[in-house]
Amino acid sequence: MAALSFPRLVWFLCLFLGFFCSLPLLGICDDTESDRQALLCFKSRLSAPAGVLPSWSNTSVEFCDWHGITCSATSPRHVVALDLESQGISGIIAPFIANLTWLARLQLSNNSFSGGVPSELGLLSRLTNLNLSMNTLEGTIPPQLSACSQLQVLGLWKNSLRGEIPPGLSQCKRLQEIDLSNNKLQGGIPPAFGDLPELHILVLAYNMLTGNIPPSLGSRRHLTYVDLGRNFLGGVIPEFLANSSSLQVLRLMSNGLTGKLPKALLNTLSLGAICLQQNSFVGSIPSVTITSSPIKHLDLGYNKLSGRIPSSLGNLSSLVLLRLTSNHLVGSIPESLGYIPTLQMLSLSVNNLSGTVPPSIFNMSSLIGLAITRTSLFGRLPINIGYTIPNIQDLILSVNSFDGSIPASLLKAYHLQSLELSSNRFTGFIPFFGSLPNLEEVDLGHNKLEADDWGFISSLSNCSRLAILALDGNNLKGKLPSSIGNLSNSLETLWLNSNKISGPIPLEIGNLKSLSSLYMGDNLLTGNVPPTIWKLHNLVDLSLAQNRLSGQIP
C-alpha cells in the first residue's frame with residue numbers, strides 16, 4: 001500500500017470499505033455518498049449508549065444532520081468535522097475514516113476507544129484538529145501523521161501509547177498545540193519541535209522521555225506553555241527557554257535536570273508559573289532585580305540549592321505560592337517575604353535555616369498555608385497569631401525548637417484544618433480546639449504539654465472532621481475521660497503513647513468506629529483491656545505495651 005499514489009490508495013480504501021462492511025460498492029466513492037458510507041463503516045466498529053448514534057442510520061440519507069457531524073456550507077456538502085467527545089463510545093477507530101477527505105476536525109476525546117491510532121489518518125490533508133485524548137489507545141504514534149500539513153492541534157494525552165515521538169511531526173509547520181502527556185512514550189523530544197514557528201503549547205508530561213530539552217525550544221515568539229514534567233530528562237534549562245519573552249508557564253518538575261538556575265528565569269516579564277521541583281539543580285537562588293514581576297507560582301523544592309534565601313524574593317509582588325522545601329539553604333528567613341501582599345502558600349521545610357521567624361511572616365493576612373518543618377528555628381508563636389493570620393488552613397511547624405505555650409488566639413483561626421506542632425518544646429495546657437469546625441488534623445506530639453482536667457477532649461468532640469489526633473510523648477497525666485468516645489466518627493488515628501496517663505481505658509473508646517491506628521503504650525494504664533475494642537473493625541495498628549493492663553485482647 002505504501003507504493004500506491006494518493007488517488008489509488010483512496011480508491012483502494014473505498015473498495016476495502018465496501019467489502020468489509022458488506023455494503024454495495026456502487027456509488028461508494030461517488031461524490032458525497034462516500035462520506036455517508038465511511039461514517040456507517042466507522043459506526044459499525046463502535047458500541048455506544050442508547051441515544052448517542054440513533055441518527056446514524058443506513059436509511060437516513062441526510063448524514064449532515066447526524067449527531068456530531070458538521071458539513072461544509074456549500075454544495076456538494078462534505079463532512080468537515082466529527083465531534084463525539086464524552087459520549088461513552090467504545091470500539092476501534094476504523095481506517096475508513098480516511099475516506100472523509102474533507103475532514104478538518106476529528107474530536108473523539110474522553111471515550112473508551114481502544115486499539116491503535118490509524119496510520120490512514122495521514123491521508124487527511126485538510127485535518128487541522130485531531131483530539132483522541134482520554135481513551136485507551138495503544139501502539140505507537142503513526143509517523144504518517146506528519147503528512148497532515150494543515151494540522152494545528154494534536155491531542156493524544158491520557159492513553160497508553162508507546163514508542164518514540166515521530167520526528168516527522170516537526171514537518172507540520174502549522175502546529176500550535178501538542179499534548180502527548182500521560183502516555184508511555186520513550187526516547188527523546190524531537191529537536192525540531194523547538195523550531196515550529198507557530199507552536200503555542202507543548203505538553204509531554206508523564207511519559208518516560210529521556211535526553212535533553214531541545215536547545216532551540218523557546219526561540220519562537222509564540223510559545224506560551226511548556227510542560228515536560230515527570231519524565232527522565234537531563235541536562236540544563238536551555239538559554240532560549242529561560243529568556244523567552246512569551247512563555248507564561250514552565251513546568252519541568254520531576255526530571256533529572258542539573259546545573260544552576262538561569263538568572264533570567266526569576267527576572268522574567270512574562271512567566272507566571274515556574275515549577276522546577278524534584279530535580280538536581282545546584283548553586284544559589286538568583287536575585288530578583290525587577291520590581292514588577294508576574295510570577296505567581298514558584299516551586300524550587302526538592303533540589304540541591306544552597307546559600308541563603310535572597311531577600312530580593314520579596315520583589316515578587318504577585319507571588320501566591322513559594323516552595324523551597326528540601327534543599328540545602330542556610331541562614332535566616334528574609335523578613336521581606338512577609339511583605340508579599342498576595343502570598344498564600346509558603347513552604348521552607350527541610351533546610352538548614354536558623355534564627356527566629358520574622359514577625360512579618362506571622363502578620364500575613366493572605367496566608368493559607370505555612371510549612372516550616374525540620375529546621376533549626378526557635379522562638380515563640382505570637383500571642384495574637386490567630387488574628388494576624390486569620391485565613392490560615394495549614395499551620396505546619398513540626399521538628400523545630402519553638403517553645404512557650406500554644407496561643408489561645410489560634411481558636412479564632414476558624415479556617416484551620418491542619419495543626420502540626422510536633423517535636424518542639426511547647427509547654428502549658430492543650431487549648432480547647434472545639435471552636436474550629438474545619439479541623440482535620442492535630443499533631444502536638446513530643447512536646448511538654450499537659451492535659452489539665454482533660455476538658456480539651458470534650459471540646460474536640462465538636463470537630464466533626466477530625467481524623468488525626470496525635471498527643472504522644474507529652475506530659476499528660478490522670479485518667480482518660482469517657483468523653484473520648486464522643487470524638488469524631490471520622491477519627492482514624494489516636495496516639496496517646498509515651499505519656500503518664502493512668503487508670504482504665506474507657507469502654508467508650510469502642511465508639512470510634514473509623515479508628516485504624518491506636519497507640520496507648522508506655523503509660524500507667526491499669527485494669528482489663530475493654531471488650532469494646534472488638535467493635536473497632538477498621539483497627540490495623542494497636543499498641544498497649546508497657547502498661548499494667550490485664551486480661552486478653554478480644
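Tutor: Arg251 counts as partly exposed, at 24% relative accessibility (buried means under 20% relative accessible area, exposed over 50%, partly exposed in between, with a 1.4 Å probe and protein chains only). This is a predicted model, where local features need pLDDT of at least 70, side-chain atom pairs count only at pLDDT 80 or more, and totals for chains, interfaces and linings use all residues. Residues are numbered from 1 along each chain as its sequence is written, and side-chain values use heavy atoms, leaving out hydrogens and water.

Student: OK, which residue does Arg251 form a salt bridge with?
Tutor: Asp227, with the closest N and O atoms 3.0 Å apart. A salt bridge here is a side-chain nitrogen of Lys or Arg within 4 Å of a carboxyl oxygen of Asp or Glu.

Student: And is Asp227 buried or exposed?
Tutor: Asp227 is buried, at 7% relative accessibility.

Student: How many salt bridges are there in the whole structure?
Tutor: A search finds five. One of them joins the side chains of Asp299 and Arg323, at 2.7 Å from N to O.

Student: Where do Asp299 and Arg323 sit?
Tutor: Asp299 is in strand 15 (residues 297–299) and Arg323 in strand 17 (residues 321–323), 24 residues apart. Strands (E, at least two residues) are DSSP runs, numbered from the N terminus, as are helices (H or I, at least four).

Student: Buried or exposed, for Asp299?
Tutor: Asp299 is buried, at 2% relative accessibility, while Arg323 is partly exposed at 27%.
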